[in-house]
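Here is a friendly walk through the packing details of one protein chain. Keep the 3D view open as you read, and look up each spot as we come to it.

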Amino acid sequence: MCGIVGYTGNNKCINLLYDGLEKLEYRGYDSAGISFIEPSGIKTIKTQGKLSNLKPLLEKTPSGSSCGIGHTRWATHGKPSVENAHPHTSGKITLVHNGIIENYSELKNQLAGMSRTLSSETDTEIIAHFIDINLEKGKTPLDAIHDTLNLIRGTWALAILIDGYPDQIWCAKNQSPLIIGAGEDEYFIASDIPAIMPNTRNVIFMEDGDIAHIAPTEISFYDIHLKTVRRVSQTIQWNGVTAEKGGYRHFMLKEIFEQPRCILDTVSSRISASGNITPENFTLDEKIKKIHIIACGTSYYSGLVGKYMIEELARIPVEVEFSSEFRYRNPIIDSSTLILSISQSGETADTLAAVKEAKKLGAQTLSISNVINSQIPRISDYTLYTHAGPEIGVASTKAFSSQLAALFMIGVYAADIRGTITAERKNQLLYDLKNIPAKMHHILEQSSQIKVIARRYIHSHGFLYIARGMNYPIALEGALKLKEISYIHAEGYPAGEMKHGPIALIDEELPVVSIVTRNNYYNKTMNNLEEVRARGGKIIAIATTGDMETADISTDLFMVPETDPLLEPLLTVIPVQLLAYFISDFKGTDVDQPRNLAKSVTVE
Ligand code: F6R
């Protein structure tokens, strides 16, 4: 969380920094700030709340500065306020930070003993103080920074200005992402690629332990022992247009509508003309006896669907676990386990740490990620990228369905090489997969129906989402989407579990979103819907096209086209995404940047 930018070169930096921060606001929006170097010294402008609050303040202070840093914050230590907004200054040092300093209390006490006064509640400010103390002792900037990094424990991406060095920036990275874009006699610093995409495609990925010293015409990298290291730039192929709203009211809506294209891009290059799946360099080792999926949030729910797909097709046991639970519980993992991590950002701290832990235990690692060269793919043995393009809306949509497509391909591929499906079944499955984008289009064309349904429920105080089998994770995902963007409480439940407790919630006020498609679970789920109806609950059903029985018992109905049951989640997820979107938009919440959230969760 938190977004960092920096610039040094021949151009004015303020607008460049502001535009970069706009692209990183998905990482946090509790406060924002920019520091830049003027002939008179370093100037800092910061504000509480969204980045747009900074604009009028910057306009009041025009500057020709060509070297500066900026930050957009997701609060960890200290409430959202101007005092806690970055950049933080101590003496000659001004810096921005993304990460968490774990031994912050201990270091804060040390500073108190040195009569240093802190002006914020953040863990970041102590870093500025220790670097400044080292400078006062006569150390060079590089030594002052290096020695401070040896004192702190935790995670960091840092960009640092030092008074007296008018065109220079120092950066450091440990576990939080940091990239440097190389232009002509200029360098751009950012937490993520979209922030520098309009300016350069040449990107250097800093590595853990690195310190960089950057001036407009030269850059040097040092490792943790201060030995010079070489970091080469790579050319990034992303298309900048995909990071714009493109006429949609919100990024989230645009991203929901992009899903047919995302599935096509994720799938098409991996299915050969002869009908084989080639998941890049990944090969399923014969000795793999178990797959263990680790992920967080929405990606965890795609993992739950993946379990249905892979177990059903390839007959390998699959366990799915939250990364934050996995890493702290001494899991039973060895070289016969394939750890399959799922992360849109490829940067989620808990998932990253869980993959590292799994590698230590000797597991093979495969990751599904949407961000090329992000940290999780870089440390995994194999990666299957989803080609969804940048996902800007904080609530994940197109990344989720693309993950489902990737998991389905892994299932079919593994089944094929293990001989657990016939050639005929494989061909049918791939045929059905290739038809998913067209079926998604059809659903999206009916989105106005969901809008009408959404309007009826905007005053509801809570929702229940129920389903069975491979659609059960979609009930969980639907509830999560609604919670995170509309702030309405919602719970996802396996329909068969209702009678063991949640049925007590049902009354005339409670909307029950029910996924009741024509598959093996249909009759059982219908029984559960009868139980809801008998207690006066309002049923919002998502059913298979032509299902008149469900039409009879539901209050509101949305139909999705028929497909192989294992692929149904790719279709049933769209109405639940749209329902959450329209309810939130009617309520007037901040759909793309819901309160308290950030897109890339780089803290534990
Ligand atoms: C919800 C959402 C989050 C993320 C979770 C994991 O809409 O976006 O729950 O899914 O923070 O993020 P990644 O997939 O980047 O590891």
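Is Y382 buried or exposed? Y382 is buried, because its relative accessible area of 18% falls under the 20% cut-off. Please bear in mind throughout that this is a predicted model.

## Aromatic pairs

Searching the whole structure turns up ten aromatic pairs. One of them joins F282 and Y382, whose ring centres lie 5.2 Å apart. Their planes meet at 70°, and since an angle over 60 degrees counts as edge-to-face, that is the label this pair receives. The two partners come from distant parts of the chain, 100 residues apart: F282 belongs to the loop between α7 (259–268) and β16 (290–295), whereas Y382 is part of strand β20 (residues 382–385). F282 has a relative accessibility of 4%, so F282 counts as buried.

Another pair is made by F463 and Y465, with ring centres 6.4 Å apart. Here the planes are at 35°, so the pair is tilted. Both F463 and Y465 are buried.

## Charges over rings

The charged end of K50 sits over the ring of Y29, and the distance to the ring centre is 5.1 Å. For Y522, the residue over the face of the ring is R518, at 4.2 Å from the ring centre.

How many of the eight residues of strand β2 (residues 31–38) are buried? The count is eight of the eight, so β2 is largely enclosed by the rest of the structure. This holds for both faces of the strand: S31, G33, S35 and I37 point one way, A32, I34, F36 and E38 point the other way, and all are buried. Note that E38 is among the buried residues.

What does β2 pair with? With strand β3 (residues 41–48), β2 forms eight bridges in the antiparallel sense, and I37 stands opposite I42 of β3. These two strands make a hairpin, with two residues between them. Strand β4 (residues 67–73) also runs antiparallel to β2, joined to it by six bridges. To find this pairing in the view, look for A32 opposite T72 of β4.

## A parallel sheet

Further along, five strands build an open sheet with parallel pairing, in the order β22-β21-β23-β24-β25. Which strands are at the edges? They are β22 (489–494) and β25 (556–560), each of which pairs on one side only. From one strand to the next, the twist averages 15°.

Within this sheet, strand β21 (residues 462–467) runs parallel to β22, and six bridges join the two. Y465, whose ring pairs with that of F463, has G492 of β22 as its bridge partner.

## Helices that cross

A pair of packed helices is described by the angle between the axes and the distance between them. For helix α14 (residues 447–456) and helix α18 (residues 568–587), the angle is about 50° and the axes are 9 Å apart. The two are therefore oblique to each other, and α14 passes α18 in a right-handed crossing.

Helix α3 (residues 104–113) and helix α4 (residues 124–136) also pack against each other, at an angle of about 45° and with their axes 10 Å apart. That angle makes α3 oblique to α4, while their crossing is left-handed.

## Backbone details in the loops

P87 lies in the loop between β4 and β5 (88–90), and the peptide bond leading from H86 to P87 is cis, with omega near 0°.

S115 has a phi near 60°, a positive value in a residue other than glycine. This serine is found in the loop between α3 and α4, and with 64% relative accessibility S115 counts as exposed. R315 likewise has a positive phi, about 55°, although it is not a glycine. Look for R315 in the loop between α8 (297–314) and β17 (318–322). Its relative accessibility is 55%, so R315 counts as exposed.

Notes. Residues numbered from 1 in each chain as written. Predicted model: local features only at pLDDT ≥ 70, side-chain atom pairs only at ≥ 80, totals over all residues. Heavy atoms only, no water. Phe/Tyr/Trp six-rings, centres within 6.5 Å; stacked < 30°, edge-to-face > 60°. Helix = DSSP H or I, 4+ residues; strand = E, 2+ residues; numbered from the N terminus. Buried < 20%, exposed > 50% of the residue type's maximum accessible area, 1.4 Å probe, protein only. Lys NZ or Arg CZ within 6 Å of the ring centre and 35° of its normal. Pairing = 2+ DSSP bridges. Axes fitted to C-alpha atoms, helices over the stretch in contact; angles between N-to-C directions. Parallel < 35°, antiparallel > 145°, perpendicular 65-115°, else oblique. Left-handed = near helix turned anticlockwise from the far one by under 90°.
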